[in-house]
Amino acid sequence: MFLQLPTETIPIQEITINKKVRLFIKREDLIHPQISGNKYWKLFYNINNYLETLPENPLIITFGGAYSNHISAVSATGNLSKVKTLGIIRGEELEHKWRDNPTLVIAKRNGMNLKFVSREEYRHKEKLTEFLQHEFPEALIIPEGGTNENAVQGVKMMLNDDTKDFDYLCTAVGTGGTMAGISEFCEDNQKVIGCKVVDDSSLESKILELTSKRNFHLTDAAFGGYGKINDENVRFINDFKAKFDIPLEPVYTGKMMQKIFEMIDADYFPEGSKILCFHTGGLQGIEGANLLLEKQNRNLII
């Protein structure tokens, strides 16, 4: 079964703020209950192009950490498409503790087989990919985060006539695929803001490998590091939900919106600007984040 184009228009909601600019959010998180946001689009052509080759024994292999939205999305895609999936999970210590991890429980429930590898082995994913492709020659191997040329083509679907009337397009940046797609296919007059949630000095060069344009600006939104959640992140997410009735997760979209609010307060955007932020989904990660916060006796994400 192929991934289908959404039958309903993805809504764009205005975030009412008393500032000299207007702020909006495109609710890509509403595409699918399990394959949400940019993950749907990054997988769209990867999966559909693969299935069009009619593999005799289809298998999708990918990589991710313990709380990876990508792992969850690929497992759900495999379940929906009736294709076997294999997740290469960072951290061999999780092999006997995966039942305590909400993301990995979802993946297993979706039928994904899990292979746990050491962090050292995981760092050398290129070598691991070569080994897996040799072992499973018919398999589709999708890189961590789903970023490749097929993903960039899929992200193009996040842009349409409704997104053309904005001066700035903003997204969280992890592996760079979503930003590359927005950069490549947005209007010539639009500027793209990428909120980096990882401390990766090579991100700009990776993005430039996937887009021919230089219309983007990367800004640090890691707030202490990838996957790290401080009390201000939690406060912002809960306050945002209370004010605007929009849930945010703490690794990507939550940090992006927090950074954009800071940039607005610092008058980064010219007066009268229209700013569009993309909600890239991943709300399944809130449960895992709350487990960690609870162990630390800290406030939880509502």
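Which residues does the UniProt annotation "domain: Tryptophan synthase beta chain-like PALP" cover? According to that unreviewed entry, the domain covers residues 5-281; positions are given in the numbering used here, feature names are shortened, and annotations may be inferred rather than shown by experiment.

Some ground rules. This is a predicted model, where local features need pLDDT of at least 70 and side-chain atom pairs count only at pLDDT 80 or more, while totals for chains, interfaces and linings use all residues. Residues are numbered from 1 along each chain as its sequence is written, and side-chain values use heavy atoms, leaving out hydrogens and water.

The whole chain, then. The protein chain has 11 helices and 10 strands; these are DSSP runs numbered from the N terminus, helices being H or I with at least four residues and strands E with at least two. Within residues 5-281, 36% is helix and 19% strand, and the end C-alpha atoms lie 17 Å apart. The radius of gyration is 19 Å, which agrees with the value near 19 Å for a compact globule of 302 residues; it is taken over C-alpha atoms, and the globule rule is 2.2 Å times the number of residues to the power 0.38.

Of the 302 residues, 56% count as buried, meaning under 20% relative accessible area with a 1.4 Å probe, protein chains only.

Next, the interior. A nonpolar core here is a set of buried Ala, Val, Leu, Ile, Met, Phe, Trp, Tyr and Cys residues joined through side-chain atoms within 4.5 Å. The largest has 82 residues, and Leu23, Met257, Ile260, Phe269 and Ile275 touch the most other members. H1 gives the most to this core, with seven residues. Another core, of 11 residues, lies apart from it and includes Phe63 and Val117.

Now helix H2, residues 69-81. Its 13 residues reach 18 Å from first C-alpha to last, close to the 18 Å expected at 1.5 Å a residue, that is, 1.5 Å times one less than the number of residues. Is H2 mostly covered or mostly open? It is mostly covered, with 11 of its 13 residues buried, among them His70, Ser72 and Gly78. What covers them includes helix H1, strand S4 and helix H11.

As for the ends, serine 68 caps the N-terminal end of H2, with a side-chain oxygen 3.1 Å from the backbone nitrogen of histidine 70. After H2 comes lysine 82, whose phi is positive, near 60°.

Conventions
Buried < 20%, exposed > 50% of the residue type's maximum accessible area, 1.4 Å probe, protein only. Contact = heavy atoms within 4.5 Å. Polar contact = N/O pair within 3.5 Å; in protein donor to acceptor, adjacent residues only side chain to side chain.
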